[in-house]
Amino acid sequence: MQLRDYQQRVIDGLFEYFEHNTGNPLLVLPTGAGKSVIIGALCKVILQAWPDQRLMILSHVKELLAQNFGKITAFWPQAPAGLYSAGLRQKRSRDPITVAGIQSVYRKSHLFGWRDLVLIDECHLLSPDSDSMYRTFLEGLKQTNPRLKVVGLTATAYRLKTGMLHEGKDRLFTDIAAEVSLTELLDAGHISPLKSRPSLIQADLTGVAIEGGELNNRQQEAAVDKEELTQAALDEVFSLASDRKSWLVFVAGRTHGEHVEAALLARGITARFVHGDTPDDERDAAHADFKAGKLRALVSLGVHTTGFDAPNIDLLVLLRKTLSPGLYYQILGRGMRLHPGKLNCLVLDYAGNIDYHGPITQLKPPRAAGSRGPRESHERTCLVCPDCRMASPLGTLECADCGRPFTRPERVSHGTEASTAEVMVLEPPPPPDLGEWVRVESVSYHKHAKEGKIPSLRVEYRCGLQTYREWICLQHPPGFARAKAIGWWKRRSGIEPPDHIETALYYADVLRKPFGIRVKQQDKYWEITGYDLTGFTVNGPEAEAGDAAGVEDFIDFSRTY
């Protein structure tokens with residue numbers, strides 16, 4: 001098995017760290033980076049160079065134990081490795097490499113003798129408490145080898161309450177030895193991109209208490225477990241994601257999950273609700289059926305955020321909210337694995353997670369308890385396309401889905417003089433600058449298509465020496481962009497709005513040409529802020545917005561959009 005460049009870089013970084021440091025480092029690797037492969041390669045390199053070394057790989061999830069053991073033996077078929085896990089019905093403790101479940105071993109450190117290195121997978125779930133299972137086990141091993149080394153592997157090197165894992169009092173980990181960014185894996189095509197559609201349907205979580213940095217479970221479930229909300233959300237899921245084959249739905253509580261499962265089954269979707277108390281055999285059967293395509297939807301409560309490897313997931317439905325950036329990342333990470341025929345994973349969020357945390361590529365870790373959280377400043381976290389509602393990272397120049405250019409907010413710099421602005425303005429603010437009217441000489445229509453994206457109708461208005469463009473999303477699925485495109489078409493034609501761009505181009509010659517458009521420059525792009533289909537503004541005296549609003553075919557974005 002050949003390592004990828006970044007996987008080899010991580011292993012080299014760990015050895016370089018130990019050449020110059022004596023702490024317990026972290027390896028930070030995004031979901032889909034191949035942590036199990038790195039673990040397998042690291043074990044092989046260490047034991048081939050130093051055959052007397054004895055290693056342990058710890059985790060708390062049996063699926064991760066089986067996955068790590070399988071990758072070690074796949075990467076190195078002759079690996080002297082054994083499993084110790086009650087859940088996997090194996091208890092081998094004397095192998096040079098032992099893959100163990102912490103629940104099975106934390107009181108049995110004496111069985112494993114001398115150990116030189118312990119690797120902890122998904123180490124962000126390790127409790128900082130001194131009496132935790134991991135701490136208890138590690139202290140037992142240190143009684144035999146006081147110089148024991150501990151390495152943590154995680155995609156999210158922080159906890160909600162205490163911040164970064166290698167910072168703060170009583171921390172186990174001391175440094176980050178190597179890190180791979182999510183952007184690097186996306187650019188290299190090693191993980192599947194996520195595609196979001198912010199919904200107009202949102203749960204009202206006003207009044208839900210925050211306890212320990214997270215929403216109160218009982219109150220949140222009461223807020224989201226409503227029949228009308230569930231049905232409205234599923235209506236949109238069916239309209240936007242009817243072609244998606246493998247759905248993972250996150251719910252807020254046991255009763256909520258049962259109701260969502262029943263609603264999916266009533267609509268003919270094969271679905272199963274899995275939660276923390278689901279018996280192991282039933283959970284394993286549900287996972288097997290889901291991966292095999294026998295189940296279209298898994299409804300999840302607290303069991304599919306770590307260690308669940310189902311690359312076929314192409315739809316994530318968030319019917320609950322989390323304030324934890326780590327949990328948010330782990331939820332979205334379920335959709336980032338590659339799978340044959342899978343172009344991306346669609347994320348439908350009905351609880352405000354994307355608005356709260358922003359794009360996953362710009363995720364901010366929490367600060368330690370007692371300091372302000374990452375979103376308390378109400379900073380803008382993402383750009384949402386006004387046409388198709390696609391969410392994109394800050395700094396993006398154009399919508400990756402429909403191609404509409406994003407306008408950049410005016411940069412504000414600090415001056416050397418005190419501001420003369422009033423701290424409170426009691427007079428009405430001046431009317432917004434919506435741009436200027438220009439006469440339209442000709443209009444042309446074109447198909448705008450990018451590989452892997454839904455095509456749109458590109459409209460070009462020739463106005464003297466200048467050409468202005470807009471993108472009409474007639475072929476998009478039902479939603480904001482499609483509704484806006486239908487309104488655009490109906491104001492210009494008595495023909496039923498088409499569903500395909502080719503049909504729109506066929507009938508383009510019957511579309512009413514505006515006499516003028518109102519345009520405003522935003523940075524280096526021009527935005528169309530209004531239309532005049534009557535000649536009222538550009539052929540007659542300049543109209544105020546209030547006067548123009550009385551003309552039926554005068555379209556003013558400042559009033560109707």
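These questions and answers cover strands and sheets in a predicted model. Local features need pLDDT of at least 70, side-chain atom pairs count only at pLDDT 80 or more, and totals for chains, interfaces and linings use all residues. Residues are numbered from 1 along each chain as its sequence is written, and side-chain values use heavy atoms, with hydrogens and water left out.

Reader: What is the order of the open sheet of 3 strands?
Author: Strands are DSSP runs (E, at least two residues), numbered from the N terminus. Two strands pair if DSSP finds at least two bridges between them. The pairing here is antiparallel, and the order is 22-23-24.

Reader: Which are the edge strands?
Author: An edge strand here pairs on one side only.

Reader: Which residue stands opposite S444 in strand 23?
Author: Strand 22 and strand 23 (residues 456-463) are antiparallel, with 7 bridges. Opposite S444 stands E460.

Reader: How many residues of strand 16 are buried?
Author: Buried means under 20% relative accessible area (1.4 Å probe, protein chains only). Strand 16 spans residues 297-301 and is mostly covered. Of its 5 residues, the buried number is 4.

Reader: How many bridges join strand 14 to strand 16?
Author: Strand 14 covers residues 247-250 and runs parallel to strand 16. L248 has L298 as its bridge partner. The number of bridges is 4.

Reader: Which residue stands opposite A271 in strand 16?
Author: Strand 15 (residues 271-275) pairs with strand 16 in the parallel sense, over 5 bridges. Opposite A271 is A297.

Terms used. Buried < 20%, exposed > 50% of the residue type's maximum accessible area, 1.4 Å probe, protein only.
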